Amino acid sequence: MGREMTAPLVVFFVLAGLAVIGAVSLILQKHPIHSALSLIVVMIALAGLYLLLGAEFVAAVQIIVYGGAIMVLFVFVIMLLNAGVEEHTSISKMAGAPGLLLVVALAGLVAATIARSTDSIQGTIETGEMSSTLGISNMIFKEFVYPFELTSFLILVAVLGATVLAQREKS
Amino acid sequence: MKSFLTTNAELVITVVKIALLLFIVLTVNAYLTWFERKVVAHMQSRWGPHRVGPHGLLQPLADGVKFLFKEDPTPAGADKFVYYLAPLLALALALTSLALIPFGPDPIHLFGQDIYLGIAPLDVNIGILALFAITAMGVYGVALAGWSSNSKYPLLGGLRSSAQMISYELALTMSVVGVLLMAGSFNLKKIIEAQAHHPEWGIFGWNVWPQILGFFCFFVAAVAETNRVPFDLPEAESELVAGFHTEYASFKFAMFFIAEYTSMITVSCLCAIMFFGGWLSPFPASWTFTHYLPSAILIPFGLWVIWDGMRYETISGRIILPGLGTAIAGAGAALILLPGVNLFIQGPFWLLSKILVFLFVYVWMRGTLPRFRYDQLMAFGWKLLLPLSIANVIVTSFVILARMTWGAK
């Protein structure tokens, strides 16, 4: 590698390593709570990567929404169900062969993409627009306002569905 | 060594600041327990701690020693890693959130450097968001402690805590939006400066007047987030023994305790900064004679402590209390003699006073209010606080929009 190790690069490798270790640990852990904790590590490492890209707002929201709210719900549900240690079944072995193939294919695809467009990827690191909250709100509420509102409508439908399902039948 | 200090001045200053803040916060925490016990005791017509040192002033020290030397058993079948991780997480997150609080507007000039009060630089653009990110993680300490103890009561405490924090997190975040809209920034310093638009308005320029609804929602939700009375269901002692920290003893218990008190301080800081003008004086800016207020409070208070100490029962009290009083009164007198220092401490003085008031309110509530029932807690969070805070956001946005459209300045 002909690149010198600058401080941001070192931080990047630490965070990326943390994310990968967390993701692998998420799969290998036997206990659901440990898996959930590993996923939290991944989320925080990703937030760190966003911060490194200068996207402060996205980093904070990543931790608040994913690290905080969603993962707390995961942990809550695991605790509520008191889920124990998982048992390995033979189905996971059957899934191994095609899974390995898919992993190789995906890794090849990612590697090929990175190898082809190194310059353009490095060029996008300087994103002044996305870093500020103003830029993000301009994008969400001006440029992409219809997709954004449609997505929130979709979530509303899901909330309504959950409410209907959770309702007790009237006797 | 010399060159290292000059080239890495910023790093060295930050490390010193962190050490200093840790020392101050931990000491304040210790004396907060004394303060709380005293205030609650007097509210209930008791004396509170008064055996260890004069007026029980050395009680926190005795408590600390007890925490350090107590036996520290780990419950059988506990998930060791998570069991040890939980108190560490709780304490680390609580202390980290304090790092983002700015304590004063002006830098100290020392060794050719401008040293600001507060660890994070004043221009953290996402200040308040970063704080919320840290507090959002805080729930794990409690939830994981409850789960990993392999015991029924802590598990129930942990579950309650998770549910409570999820419910109140929303109201907490929404209640702040009004303030953010008025300031147009996430930056804590800019939020304070936005409240000083009319320097002559003093106390009436603060956010608490237009945002009274937001303040109500914020304070209630914040008390719930810190698991304090009347929202202390996660550790309700009459039903859950001690809730999530039942199985924790010795210093691991102390870590939860310190985390809770540190969160109280953080919440008080946030209340003061976002709704009560932070380091701004409540008086109009032209009233310069109010700059002598710190001295006017410290000197009589110091004299009173001396007078009180003279008639104390024990010999040590008759030595320690007058000494303490002399130091307090001396500090007040020194402020009159050093106008530069006096001007500098105006900001921190007002911020700390406001923080103290909120800490007192915390203790006051603990001495006054009964605990919520669980269904009341949920109904209060979802059916009252959340709609109120959303209404606050909508009204605030429309007022701001109207002002922009029809241009009242």
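This is a predicted model: local features need pLDDT of at least 70, side-chain atom pairs count only at pLDDT 80 or more; totals for chains, interfaces and linings use all residues.
One of its members, B:Phe289, sits in the loop that links α10 (250–275) to α11 (293–310) of chain B. Its relative accessibility is 58%, so B:Phe289 counts as exposed, the cut-off for that being over 50%.

Let's turn to chain A. Helix α2 (residues 32–52) of chain A has 21 residues, and its C-alpha atoms span 30 Å from first to last, close to the 30 Å expected at 1.5 Å a residue. Most of α2(A) is covered, with 15 of its 21 residues buried. A:Ser35 belongs to this helix and counts as buried because its relative accessibility is 13%. Beyond neighbours within four places in sequence, A:Ser35 is in contact with A:Leu26 and A:Gln29. Just after α2(A), A:Gly54 adopts a positive phi of about 85 degrees.

Back in chain B, the loop between α2 (9–43) and α3 (59–69) holds B:Ser45, and B:His55 lies in the loop between α2 and α3 too. Most residues other than glycine have a negative phi. Yet B:Ser45 has a positive phi although it is not a glycine, and so does B:His55. Here are their values:

| Residue | Phi | Relative accessibility | Class |
|---|---|---|---|
| B:Ser45 | about 55 degrees | 72% | exposed |
| B:His55 | about 55 degrees | 28% | partly exposed |

Notes:
Residues are numbered from 1 along each chain as its sequence is written. Chains are lettered from A and ligands numbered from 1 in the order in which they are written. Side-chain values use heavy atoms; hydrogens and water are left out. Helices (H or I, at least four residues) and strands (E, at least two) are DSSP runs, numbered from the N terminus. Buried means under 20% relative accessible area, exposed over 50%, partly exposed in between (1.4 Å probe, protein chains only). The expected span of a helix is 1.5 Å times one less than its number of residues. Contact means heavy atoms within 4.5 Å.
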